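Please consult the sequence and coordinates alongside the text.

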Amino acid sequence: MSKKTKLLLNLICLGILCLFLWWAQNNLDGYKVQVLNLIAVNAILAVSLNLIYGFTGMFSLGHAGFMAIGAYVSALLILPASQKEVMYILEPIIWPFSVMHAPFFVSVLAGGAVAAVLGLFIALPVLRLGGDYLGIATLGFAEIIRVIFTNITPITNGALGLKGIPAYANLGWNYFWCILTFYVIVKLLSSNFGNTLRAIRDDEVAAKAMGINTFRAKAISFAIGAFFAGVGGALQGSLITTIDPKMFNFQLTYNILMFVVVGGLGSITGSVVGAVVITILLEWLRLVEDTITIGSFQIPGVPGMRMVIFSVILLFIILKRREGIIGGYEFSWDSVTRLFNRKGDK
Amino acid sequence: MKFGKKFALAFGLVLAMAGAAMAAGTVKIGVYLPITGGNAVGGGLELAGVQLANKQIPTVLGKKVQIIVVDNKSDKVEAANAVKRLIEKEKVNAIVGTYGSSLAMAGGEVAEKAGVPMVGTSCTNPLVTQGKKYVFRVCFIDPFQGAGAAAFATQKLHAKKAACLIEVTEDYSVGLSSFFERAFKKDGGKIVAKLNYQKGDQDFTAQLTQIIAKKPDVLYIPANFAEGAIIMRQARELGAKFKILGGDAMDNPEMVKIGGKSVEGFSFTTFAYAPEMPNMNPTQKAFTANWKKANGKKLPNALAACGYDAYSIIIDAIKRANSDSPKKIAAALAATKNFPGVTGITTINKTHDAEKSIGIMQIKNGKRIFLTVVNPK
Amino acid sequence: MSLDMFIQHVFNALTLGSLYGLIAIGYTMVYGILRLINFAHGDIFMVSAYFVFFAIALLHLPWIAAVILAIIGTAAFGVIIDRIAYKPLRDAPRISALISAIGVSFFIENICIVLFTGVPKPMPRYEPLVTVMQFGNIRILPLAIFVPVCSFILVAALIWVLYKTKPGLAMRAISKDIETTRLMGVKVDNIIGLTFGIGSALAAAAGIMWALRYPQIHPFMGLFPGFKAFIAAVFGGIGSVPGAMIGGLLLGFMEIMIIAFFPGLSGYRDAFAFILLILILFVKPTGLMGEDMEDKI
């Protein structure tokens, strides 16, 4: 398939997506729109973790920390100064945080950038480590970030968190960032750098022997993954309009890990599918926990069952179908034509 | 059509009409509370209060009142989602909730945007109603609670030096202690130590040893009942002799079970209701009696009373507004004056908070006794 | 700081450290033979406390019986987890087993929330161990002496098993080279099961003593002690049993002493363990007593 045709198909799909979003904004109730928003943000987060883990083979459990950084930086930049003054009832906010301000696009970018810088900083000591150790070390960093944010009250308002964050993150912005994330990462992975990352994932020693500077490649991949995690955190902050250090815990990283594992490692399509499926599933599973009223009968819901079912699903996938739903396949226009050609042959 | 089928059709039609009639004639009150998660204890107690109120007052303006309960799982994102669902899917006229100020803040943002009135039960952080038109609460706010505790410390406990042990990860704890500090200093007291711990910590010996060395007259712990009980236990094990004072999150009978003898003499501020209080007014007597009838041996407590009051005040507002439109309910709520609540006579002030008395309770001989009431100025 | 206060802190640190050490041993043993960080270990520790609680509350057993039941039950629980969630992944990439461990951990925590609710339950107290003893200005619980002594005895017993018995020899062999050990005719799966059983039993002992010291049981009580115990195991040298105990003691001392000397940092307590971890991994990843694990190139 020629490049021009692919570009045309991509633009058509983009157009259809825009039309759908415009329709959804005007016709679906707020709850469904919120789910659509969550899907976009979760897709960004899933893809960013997949870059680090599925494509480069680095088992990082620190995503919640990067999200926290992105969320706080972005929130501090879009909160109006009057709100900040009023909100910091424990210790007044210090300069320059009291006066910093930026438009939404810049603030999200800044959130991602600061997260990426920290990602690089973290990468230096921990990337030398192998699989399991890397996981715990990155988890450790995420926890350290959380503890620091809880304690530096003049900057982050400590445990009280930030509330009343302007809700700029609507369908338009979220999906814009989502498409941007895909574009950047897909382009990255289809380039030579992408091959480098896959080589490192499959056999780091061999890659080194081929002369690849594995440390540099891993650090860059880690930083980019951290960048988009920061972006995702910033968007989520503006979506929920209130953030506090407690919400950036290990459970959050675990959720993103689920998107990636369920969808399938090493496949962007997989991450998207995983994000969509799990986000919808999480909402749909509320049924299990709520009391179902039929007439005057009440079937009591079992609180907490949602997460139990959630963990069972993860266990099932990892034990029975390790490759996830998509199984590592990647969607591309070429594969579609191949499908049609094959059908044509018959 | 055979007779059987005709009958079924007719029956179905009747049911449908009845259903439609019911739906048209119901007032829906959404309830979002933490039924699971860290705040489940408080949420469960408040829910029981709301359910009792719904049983006592099942109709208003000739329509049936239906409560729709959604669990916010003690999580902010879930709280926002829960309120969204109640408003968008269930189309409630008003909302009751919630225990836990950070949850109330998250849910309140959603309610405010949608223009549906929300009445907080026991969320005491001032930020919950700040700047909002549609968010109210039936409880006092922490600046008042902290000041009440400080007043009790200086006047009744004759304390000149105080120490604070704060759960730094919990906004309730951090906020309440800072209000206590400010009021205590204003009353001429001195804060000799201020130490932190984190959620889930079980070992406070290092901090307590420090505090003991500074020789305070009173230790203020705005903690949750479980941690608070352990703090007191460890404090007594380390030989601390000073009095210990706490906030409304300590109001739970389990505290005595976990803390045993070490909670003897502990006092705490709470909402002005307890089943053991002397001099109950008629509303409180009725509530206590009805509760015992519905729940048998389980004792009512202040949180259940808050839940009860939140529901009743909405019903009262609907009556005064003579309408169940969310906007009119909100206007009526804002104009509430001297409503006879179980937790005290309630007037909603300009910032949509209730100016009510604080109750001070103490543990004596393993039993909770109601000491006194501190009134708003 | 007065000498009395310091001694008080030392006893606290000793108790905390021994408990971390006992839990760390479970991590280090499993990692030694399977190269798997058993994320669910902290939850096994939590389950043992609930075992005791229900043995006393529902079955009304006397203390000793409840403790024995809890230890056996928890050990069995650990073996079952291995059979269901880790054995099928023996030949899979290591990360899969790790994800499975995370999944098991969350499953246990959430099923406990469903069954027991998230409300903390008070641990029944065993009076002889928790009545305060006073020496001058120092007040300690008998528990503060019982826990370190008990831990040392357990560790000594374990070391004896590892070095003086056949199954112990098999465990050490598996940690060196699992394939060769299999070829030698050792029933590897059974030995692995035994390892999980012993590790879980030790965690159970730790869990019960922990709940006696900090009498609040709730489904997430194992999360942070679990993380910190793992860090202790890494500190002491992953794969080394004495190292795990030493690492645990050192971590306990560090936590208590830093707050004792710098009370203003008490809000950062949880971060210390993680900072320590990063430092070790940076400076000497094999830990204090660890053996260098060579990558066969």
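## Conventions

A residue is buried if 20 or more other C-beta atoms lie within 10 Å of its own, exposed if 12 or fewer, and partly exposed in between, with C-beta atoms placed from the backbone. The model is predicted: local features need pLDDT of at least 70, side-chain atom pairs count only at pLDDT 80 or more, and totals for chains, interfaces and linings use all residues. Residues are numbered from 1 along each chain as its sequence is written, while chains are lettered from A and ligands numbered from 1 in the order in which they are written.

K215(B) is not a glycine, yet its phi is positive, at about 55 degrees. This residue is placed in the loop between α7 (205-213) and β9 (218-221) of chain B; helices (H or I, at least four residues) and strands (E, at least two) are DSSP runs numbered from the N terminus. K215(B) counts as exposed because it has 12 C-beta neighbours inside 10 Å.

R35(C), also a residue other than glycine, has a positive phi near 55 degrees. R35(C) lies in the loop between α1 and α2 (41-57) of chain C and is partly exposed, with 18 other C-beta atoms within 10 Å. T98(B) belongs to the loop between β4 (94-96) and α4 of chain B. Most residues other than glycine have a negative phi, and most peptide bonds are trans.

## Domains of chain B

Chain B comprises domain 1 (8-141 + 282-356) and domain 2 (143-275 + 359-374), with bounds from an automatic or database domain assignment. Their centres, taken over C-alpha atoms, are 30 Å apart. The contact involves 22 residues of domain 1 and 16 residues of domain 2; residues are in contact if their C-beta atoms, placed from the backbone, lie within 7 Å.

On the domain 1 side, α4 (101-114), α10 (282-295) and α11 (302-321) of chain B each supply at least two residues. The largest share, three residues, comes from α11(B).

## Interfaces between chains

Between chains A and C, 31 residues of chain A are in contact with 33 residues of chain C. On the chain A side, α6(A) gives the most, with 12 residues. That side divides into 21 nonpolar, seven polar and three charged residues. Here Ala, Val, Leu, Ile, Met, Phe, Trp, Tyr, Cys and Pro count as nonpolar, Asp, Glu, Lys and Arg as charged, and the others, Gly among them, as polar.

Between chains C and B, 27 residues of chain C are in contact with 28 residues of chain B. The largest share of the chain C side, five residues, is from α1(C).

## Nonpolar core

A nonpolar core is a set of buried Ala, Val, Leu, Ile, Met, Phe, Trp, Tyr and Cys residues joined through C-beta atoms within 7 Å. The largest such core has 339 residues, of which I314(B) and V52(C) touch the most other members. α1(C) gives the most to this core, with 16 residues.

Leaving aside neighbours within four places in sequence, I314(B) is in contact with I29(B), A94(B), V96(B), V119(B) and I329(B).

## Sheet in chain B

β11 (residues 267-271) and β14 (residues 358-364) run antiparallel and are joined by five bridges. F271(B) has I358(B) as its bridge partner in β14(B).

How values were computed:
Two residues are in contact if their C-beta atoms, placed from the backbone, lie within 7 Å. Two strands pair if DSSP finds at least two bridges between them.
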